[in-house]
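Please keep the sequence and the structure in view while reading.

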Amino acid sequence: PQRIYYLSLEFYMGRTLQNTMVNLGLQNACDEAIYQLGLDLEELEEIEEDAGLGNGGLGRLAACFLDSMATLGLAAYGYGIRYEFGIFNQKIVDGWQVEEADDWLRYGNPWEKARPEYMLPVHFYGRVDHTPEGVKWIDTQVVLAMPYDTPVPGYKNNTVNTMRLWSAKAPNDFNLQEFNVGDYIEAVLDRNLAENISRVLYPNDNFFEGKELRLKQEYFVVAATLQDIIRRFKSSKFGCRDPVRTSFETFPDKVAIQLNDTHPALSIPELMRILVDVEKVDWDKAWEITKRTCAYTNHTVLPEALERWPVSLFEKLLPRHLEIIYALNQMHLDRVAALYPGDIDRLRRMSVIEEGDCKRINMAHLCVIGSHAVNGVARIHSDIVKNTVFKDFYELEPEKFQNKTNGITPRRWLLLCNPGLADVIAEKIGEGFITDLSQLKKLLDFINNETFIRDVAKVKQENKMKFAAYLEEQYKVKINPSSMFDVQVKRIHEYKRQLLNCLHAITLYNRIRSNPSKSFVPRTIMIGGKAAPGYHMAKMIIKLITSIGEVINNDPYVGDRLKVIFLENYRVSLAEKVIPAADLSQQISTAGTEASGTGNMKFMVNGALTIGTMDGANVEMAEEAGEENLFIFGMRVEDVEALDRQGYNAREYYERLPELRQAIDQISSGFFSPRDPGCFRDVVNMLMYHDRFKVFADYEAYIKCQGQVDQLFMDPREWTKKVIKNIACSGKFSSDRTIMEYAREIWGVEPSATKIPPPNLPRD
């Protein structure tokens with residue numbers, strides 16, 4: 001069969017125990033067995049560390065995709081890096097984020113199996129020698145890549161795929177070569193330098209930091225993985241008379257490589273290097289094979305997130321790859337020049353090499369020219385990709401560009417994290433929805449069924465009680481379980497506009513203060529997420545949230561009508577607890593900035609209502625459920641573009657909207673930071689004078705929309721009917737559907753629903 005290779009620098013897997021029991025159909029048996037031993041399975045589950053080898057959406061998407069690929073019976077492999085330290089653990093100290101190392105392997109990892117027999121060499125530095133026999137990359141430094149395999153079980157289909165993560169090992173002769181005669185001890189200590197490659201995950205979400213170690217990580221995973229792919233291709237016996245395959249003609253029919261963002265983009269020049277320099281394939285033939293094999297998924301349109309590596313760094317670290325990239329770029333530009341004679345500016349825009357004071361390699365351009373398919377991750381994002389970021393490339397090869405709207409695995413994100421809801425659904429429509437989420441549509445028949453409405457509301461209330469108990473036990477915070485659980489959990493970033501949420505909280509607080517006897521819909525506003533350690537504004541946003549909470553939560557006038565809670569150390573295992581308990585899901589990025597979002601989908605399937613902008617997958621969620629069943633507000637992409645042309649002037653909103661002015665003045669004057677009145681001047685200055693994400697422009701519509709949320713929440717029956725409508729229409733957002741589309745439209749394989757016979761039964 002064709003093999004699928006999903007290459008990613010991040011796999012945000014979370015915990016594995018419960019997921020394995022669910023997919024193997026063993027959960028009830030294990031529950032019972034542990035219970036009979038006088039133990040509590042949930043207590044055991046809480047001991048497991050999260051595998052936090054990702055930052056957020058991109059890494060978690062890879063994890064959902066692995067689950068779906070196994071469940072659909074695809075011969076798929078996830079390839080990445082076995083970071084010794086994953087995403088940092090977040091502590092809040094005096095309201096500020098403090099990072100601590102995530103030593104997740106401290107007590108070992110029972111799910112992985114080291115495979116030293118498949119260890120492979122990876123080369124760095126050196127120089128290129130052009131000889132009559134061909135090109136040689138010589139005098140390199142070698143690092144060994146040690147594979148660790150983690151099983152990926154499909155859902156009750158007896159399929160188990162593999163996630164293979166590489167760990168860096170120094171070779172035994174490392175630094176002990178001729179030039180290092182006397183200093184044996186130093187040389188052995190220097191092994192750390194090689195092994196640092198797989199030491200730590202870079203903690204940036206949607207931001208490019210051009211560090212040499214990061215480029216080493218990117219090449220390390222690519223070089224090791226491609227050797228593995230080619231070894232497997234050559235030794236494969238399927239439909240092949242020779243004991244070893246020598247022709248690469250059939251390579252693209254047997255191998256599909258999916259690049260999760262540009263991070264593994266070096267796959268393109270590396271595959272070219274192997275084919276041309278090592279396997280002696282003709283250049284043009286090698287280029288055809290490479291393009292037919294690779295496909296690229298774009299994850300963001302934010303310019304600061306695009307990878308642009310200095311040529312000088314490549315020259316030093318990967319000299320042969322630089323030569324190959326130059327040659328590929330020349331070929332590409334020759335083609336463009338032939339089609340658009342005299343259009344010099346188009347050549348500049350489309351080049352893989354960006355000229356300037358520091359020449360850079362644009363990795364996204366490399367991916368587009370080196371792939372047969374390029375996709376965005378939600379319809380609106382794919383349109384933006386075609387019309388702006390890669391407009392010139394789309395004009396050149398429109399057939400290359402596709403959309404694959406993201407999805408989430410219903411095993412982890414419904415069955416595992418919300419068994420109560422899964423049960424009441426199965427009671428009504430059977431269990432088929434678990435592997436075919438579109439079957440949730442059958443729930444539309446029960447929207448007016450009183451028992452079903454009551455059961456769905458009851459499950460939500462139980463989840464809220466359980467989460468409230470967890471918060472009290474872990475963080476000593478008491479919350480009102482009958483209040484609306486208003487949740488925004490995601491990485492802290494200006495474009496995600498946690499600040500807009502803050503302004504609403506302050507506005508609510510001011511309304512309660514100025515009218516204490518009026519009845520208000522009680523709310524618990526929960527905000528959680530990590531800030532990249534070097535992202536000053538994101539860290540200030542966390543401090544602002546905790547400071548607002550400090551004031552509001554201790555004001556006797558407010559009582560339990562309003563609480564603002566910062567959820568510390570948000571991660572996969574915490575998401576599994578908070579999402580099933582949420583009433584309101586906040587998805588409030590500036591239109592055109594959130595490529596897709598996947599948290600939005602998790603909330604939808606778990607019975608929260610969404611307040612959001614027409615951005616990312618929110619657009620398709622509104623289309624599926626009906627716009628009247630979400631709380632949609634604010635500027636559309638067209639409005640944002642119009643405002644950009646006109647010029648966004650924050651002060652105008654500040655002058656015109658008294659509640660906004662009051663909130664900003666309070667932040668500015670130190671009302672929320674009495675010990676340090678100037679604490680938030682950077683935040684206020686940004687909002688007033690250089691806010692790229694136009695928080696004030698959506699403030700009025702947002703506050704008004706939140707008023708509609710309050711109105712509906714006061715009518716629990718109508719609220720729950722909207723919830724049921726949302727759940728019933730969330731089927732599209734299964735990663736099974738997403739992977740089905742990748743398989744058919746990019747990889748050229750047909751998923752199989754057939755269950756492999758278990759090992760104790762004879763095969764046909």
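An open sheet is built from 3 strands in the order 15-17-16, with antiparallel pairing. Strand 15 (308–310) and strand 16 (353–354) are at the edges and have a single partner strand each, so one side of each lacks a neighbour in the sheet. Two strands count as paired if DSSP finds at least two bridges between them. Strands (E, at least two residues) and helices (H or I, at least four) are DSSP runs, numbered from the N terminus.

The model is predicted: local features need pLDDT of at least 70 and side-chain atom pairs pLDDT 80 or more, while totals for chains, interfaces and linings use all residues. Residues are numbered from 1 along each chain as its sequence is written, and side-chain values use heavy atoms, without hydrogens and water.

Strand 15 pairs with strand 17 (residues 360–362) in the antiparallel sense over 3 bridges. Tryptophan 309 lies opposite isoleucine 361 of strand 17.

## Two helices

The axes of helix 20 (residues 498–514) and helix 21 come within 10 Å and cross at roughly 15 degrees. Axes are lines fitted to C-alpha atoms, for helices over the stretch in contact, and angles run from 0 to 180 degrees between N-to-C directions. Helix 20 and helix 21 are therefore roughly parallel to each other, a term for angles under 35 degrees.

## Two pockets

Rolling a probe the size of a water molecule over the atoms shows where empty space is left. On a 1 Å grid over the protein atoms alone, a pocket is an open set of points where a 1.4 Å probe fits, with protein on both sides within 12 Å along at least five of seven lines; lining residues have an atom within 4 Å of a point. Grid points are joined across faces, edges and corners, and a volume is the space filled by probe spheres set on the points.

| Pocket | Volume | Helix giving the most to the lining |
|---|---|---|
| Largest pocket | About 1200 Å³ | Helix 19, 7 residues |
| Second largest pocket | About 790 Å³ | Helix 21, 8 residues |

The largest pocket is lined by 42 residues, and Gln18, Gln27, Leu416, Cys417 and Pro419 are the closest to its centre. The second largest pocket has 30 lining residues, with Asp94, Gly95, Thr546, Ser547 and Glu550 nearest its centre. Among the elements that each supply at least two residues to the lining of the second largest pocket are strand 5 (89–93) and helix 21 (536–553).

Conventions
Angles under 35 degrees count as roughly parallel, over 145 as roughly antiparallel, 65 to 115 as roughly perpendicular and the rest as oblique.
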